[in-house]
Structures are given as C-alpha cells and as structure tokens.
Amino acid sequence: MIINMLKNKSQLKIGALITYFTIGFNIIAGLIYTPWMIDQIGQNDYGLYTLANSLIALFLMDFGLSSATARYVAKYKAENKHEELNKFLNIVYRLYIAIDAAIFVVLILVFFFIDTIYQNLTPDELAKFKVIYCIASLYSIISFPCVTFNGILNAYEEFLPLKTADLLQKVCSILFTVIALSFGMGLYALVAANALSGLFAISIKFYYVRRNTKIKNIKINSQEKKSIFSDVFKFSLWSTIWALSQRLIFNITPTLLGIVVVNAAAAISVFGIITTIEGYFYIITTAINGMFLSRITRLMNKDKNGEELTSLATIVGRFQYALNGLLVVGFAFIGKDFISLWVGQEFIDAYIGILLIVIPGIFYNALQIIHTAIVVQNLVKYQAFIQITIGVINVICSLILSYFFGVIGASISISVAYFLRLILTFVLVKKKMKFNFKSFINNCYFKMSIPIIISLVLIFVINPFISSSTWLMLAIKMLIIVVIYLLSVFAFGISNNEKRKLFSKIISKIKK
C-alpha cells in the first residue's frame, strides 16, 4: 500500500536517498568489515576469494541486454504498448537463458583447466579454489537471467523496492558472513553467504516485478522475433564492446597474477585491497555522473559553438578535479599508515598500487560532463574503441610487468592504460565535438592545479612533525590535510567573483 503511493518524484527522491545511504554504508562497512574478514579467513584465502569472483565475472556478460531492457521497457510503457512490451521481454528472457546456458558450458570447461591455468597455486589452494569456484558459479548461473529485474523496475519507476533490495543484499551479505565466520565456518561459508544474500535480493525484486507490472507470457510469431532481435542487436552492439573491454582491466588482472606470479594467492589478495579502495574513489568521484543528461541534451541542441557546454564542463570539472585532488593528496600522505592500520603490513604494496591507479583519475574524472556529452552526441562507438584499445594494451603490459614486479607491475600497467585512455579521450573531443578544449584545460586543470601544488608543498613540510601511527593520530592528520587543502583551494583556486557569489548565497540562507 505504502509503496504504491510512493510514485514518480517521491519514489525518485527516496530511491536517491537510499542510493546515497547504500554508498555510505558500503564504504563504512567495507572499511570495518574487510580487515576482520581477512583476519578470520587469512590473506591467501582472501586472495582465492578475490580470484574466484573476478574469474567468473569475466564471463558474466549480458551483451548490453540490461541497458536494452531499461530503454525499451521505458519506451513501451510511456507509449502504453503493453503487448509490445510483453513480446520484447519474452524475447529478452529467452536470450538471457540462451546466454546463461552458454556461460554454464564455459564455466564447466574452465573448471577442468583450473590446474593448468593456475599452476602457481599450491595443491591445497587449488582444492579450495575449485570448491568456491563451484559455489560462486552456481549462484551466478541462477542469478544471471534475473538481471532484467533491475531494468524493469527502473522503467516502471519502482525505485524504492529496487534500491531497498540492493541495500538489503549488502546488509545481509555482511550479516550472514559475520555469523558464519564467527562460528568458524571459514572460506566456503563466506562465498555461500554472498550467494544467499544475492538470492534474497533477487526474490524481493521478482516479487515486485510480478506484483506491480503487467508482464505476462504471450505467443510471438517469427517475423516479430526477427524484428525484436534486430532492434536489440543494434542497440546492444557498442554496449557489448564496452562490457568486453572493461573486463580487460580489473576483472582479468587477478587471473593474470595467478598465471605469472609465484606467490599468486598473496599477490591477488593485495590486488583485492587495491580494487576495494579504487572502487571507493570511483564511487565518490563519479556520484554526479549522468545527472546533467537532460541539461546537456538541451545545450547541445541550441549551443552551436559549444560555449555553454564548455562553460558547464569547466564549472563541474573544476569541482571534480578539486575533489579528486583532495582524495589523492590525502591518500598520498596517510595511505601507507592507513593500509598498515587497516589490514596489516603484509598489504603495504597496495599503497603504491592504489596511487598508481588513481592518479590518472584526477584528470579523467574531471571530464564527467564531456562523458555525458559523448553519449548525447552518439559518439559511444569511439569511446568503445578507446576502451577496447586500452584493455588489450593492459593485458599485454600486465602479463609482462606482473611477471617481474608482481602486483605493482599490474598496477603500473593499469595506470599506463588509464593515462592512454585520457589522451585518446582528449583526441576524440578535439576531433568530434564543438568544445573549447584550450579554455577547459586552462580554467580547470591549470588554475585548479595551483592550490593542489601549494597544499602538497605545505603538507610535505609539516608531514614529518605529525605522527599517524594510531587511528586517532591518523584522523587528526587527515583533518589537518583537509583544512590545508580547502584553504588552498579557497585562496588560490576560486576567483574573487566566485567568492562573492559564495558569500552572498551563505548570507541569504542565514537571513532565511
């Protein structure tokens, strides 16, 4: 009853609030839960857990069907074409089942080659890995066709049950894992707990899809099948290329480490920590991604010279650049002590790996408006080409560098790939878009780099005099870094006109 009343704007607002709460919960819970979990199962078992999840994720690709589902369901629903909607979803479900069957076959084949692929794992590690691989594979095969539920609930604006289910999945995963590990059930229980929580979330989504939508099974003739297949294929092609290329960065790296590094499980566990922290950086710095879609679409329809787009990209880019700068500068000075206090000295290589990977993001994540404009201008295929290029380069470089330098070599490879992605994106924007690139670089990168450099120098000078050997001292040091950085940005990164506008807004709010 309550959920049926919370529609449209109310659903959107509550869904957004739950999304931000989930992001905050994931970060805080992860920071507390991850070291405890590693302590319970051990570093090498954590590496096996990371390896199993990343290996299976390599094959769990829906070929853009989730995006197609959200797009076409929303379209047919808006047009009140319920029969066409049902036909489309019937085709999509059949496609998912076919893909699921193919993935099942591939996962079985991979199982028989585990001993050959991961020769650097010990016999005991291989035995454990096979068990958790089977558990995770079984869950993946069951859950894969249910990916459509997200697109359906989004299209029907059922944001509250969708976001609530995602939050409950994370809460239940941690709760089930804590209970299992507290009773000494070990690595297998950890994987099973994640599977159970995922199935619980799927059951909630399935319930609301059945209850609040008009989806039913109907017959479809061959001509209609061909037409729908053709539409889905055209829409999903570049999404497929994009999805493939993304797997050639983080998903494939644990497997590459498992192939070429001697102490593979330990190296993969360190990369698991790198992935976790990089994921937190990504969530924080791309939170506004997609929020300007409608505005950019309007701008590009009337902005013939690209001046308004450049202005918007610069304003948002300066904020993103400053935010990324704060995270990277802060981690550069407290990251080593943080890693040591958080998960232990044996993971200290993660500090260098994280810095190598997130530094290119200072520049790349400032291009959020440009990324959205690329989609609006239908240049996604060029973006897909960029992604597949850096993915292939990363695999080649990672195999070579990981052999000599382990997890640091893999991090160097990803860093090189990300810098190349940045350069190729610059070329794409310059060649294909009406955008004042020189103005953006000058007003965003150059001007905002001044306070970043000044804060770096100041923090470097005071850093030796501030200990961060305990959590309390680390928190104090972090607070000092934030204060110095914000003062530097305010003094040297914000113009006098911007300061006046900021003060006027603050005064007007105080008066209210």
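## Surroundings of Tyr 49

Leaving aside residues up to four places away in sequence, Tyr 49 touches Ile 132, Leu 187, Leu 190, Val 191 and Asn 194. The model is a predicted one, and in it Tyr 49 is found in helix 3 (residues 43-59). With a relative accessible area of 14%, Tyr 49 is buried, since that value is under the 20% limit. Tyr 49 and Tyr 188 are 139 residues apart in sequence, while their C-alpha atoms are 9.2 Å apart in space.

## The chain as a whole

The protein chain has 21 helices and zero strands, and 48% of its 512 residues count as buried. Among contacts with a separation of 6 or more, 83% are accounted for by residues 24 or more positions apart. Helix 12 (residues 253-260) is largely enclosed by the rest of the structure, because seven of its eight residues are buried. The buried residues of helix 12 are Thr 253, Pro 254, Thr 255, Leu 256, Leu 257, Gly 258 and Val 260.

Two packed helices are described by the angle between their axes and the distance between the axes.

| Helices | Angle | Axis distance |
|---|---|---|
| Helix 15 (residues 307-342) and helix 17 (residues 368-376) | about 135° | 7 Å |
| Helix 16 (residues 349-364) and helix 18 (residues 380-432) | about 170° | 14 Å |

Helix 15 and helix 17, at an angle of about 135°, are therefore oblique to each other. Their contact is made by Leu 309, Leu 312, Ala 313, Val 316 and Gln 320 of helix 15, together with Gln 368, Ile 369, Ile 370 and Ala 373 of helix 17. Sorted by class, the contact of helix 15 with helix 17 has seven nonpolar, two polar and no charged residues.

Helix 16 and helix 18, at about 170°, are therefore roughly antiparallel to each other. The residues in contact include Ile 352, Leu 356, Phe 363 and Tyr 364 of helix 16, and Val 407, Ile 414, Tyr 418, Arg 421 and Leu 422 of helix 18. The contact of helix 16 with helix 18 divides into 14 nonpolar, five polar and two charged residues.

## Aromatic rings

Arg 421 lies over the face of Tyr 364, at 3.7 Å from the ring centre, and Arg 421 also lies over the face of Tyr 418, at 4.1 Å from the ring centre. Phe 363 belongs to a cluster in which ring pairs link it with Tyr 321, Phe 426, Phe 437, Phe 440 and Tyr 445.

The structure holds 22 aromatic pairs. In one of them, the rings of Tyr 118 and Phe 129 have their centres 5.4 Å apart and their planes at 70°, so the pair is edge-to-face. This pair links distant parts of the chain, with Tyr 118 in the loop between helix 6 (114-117) and helix 7 (123-143) and Phe 129 in helix 7, eleven residues apart. Both Tyr 118 and Phe 129 are buried.

The rings of Tyr 207 and Tyr 208 have their centres 5.1 Å apart and their planes at 85°, so this pair is edge-to-face. Which of the terms buried or partly exposed applies to Tyr 207? Tyr 207 counts as partly exposed, because its relative accessibility is 43%, whereas Tyr 208 counts as buried at 13% relative accessibility.

How values were computed:
Residues are numbered from 1 along each chain as its sequence is written. This is a predicted model: local features need pLDDT of at least 70, side-chain atom pairs count only at pLDDT 80 or more; totals for chains, interfaces and linings use all residues. Side-chain values use heavy atoms; hydrogens and water are left out. Rings of Phe, Tyr and Trp (its six-membered ring) pair if their centres lie within 6.5 Å; planes under 30 degrees apart count as stacked, over 60 as edge-to-face and the rest as tilted. Helices (H or I, at least four residues) and strands (E, at least two) are DSSP runs, numbered from the N terminus. Buried means under 20% relative accessible area, exposed over 50%, partly exposed in between (1.4 Å probe, protein chains only). A charge sits over a ring if NZ of Lys or CZ of Arg is within 6 Å of the ring centre and within 35 degrees of the ring normal. Axes are lines fitted to C-alpha atoms, for helices over the stretch in contact, and angles run from 0 to 180 degrees between N-to-C directions. Angles under 35 degrees count as roughly parallel, over 145 as roughly antiparallel, 65 to 115 as roughly perpendicular and the rest as oblique. Contact means heavy atoms within 4.5 Å. Ala, Val, Leu, Ile, Met, Phe, Trp, Tyr, Cys and Pro count as nonpolar, Asp, Glu, Lys and Arg as charged, and the others, Gly among them, as polar.
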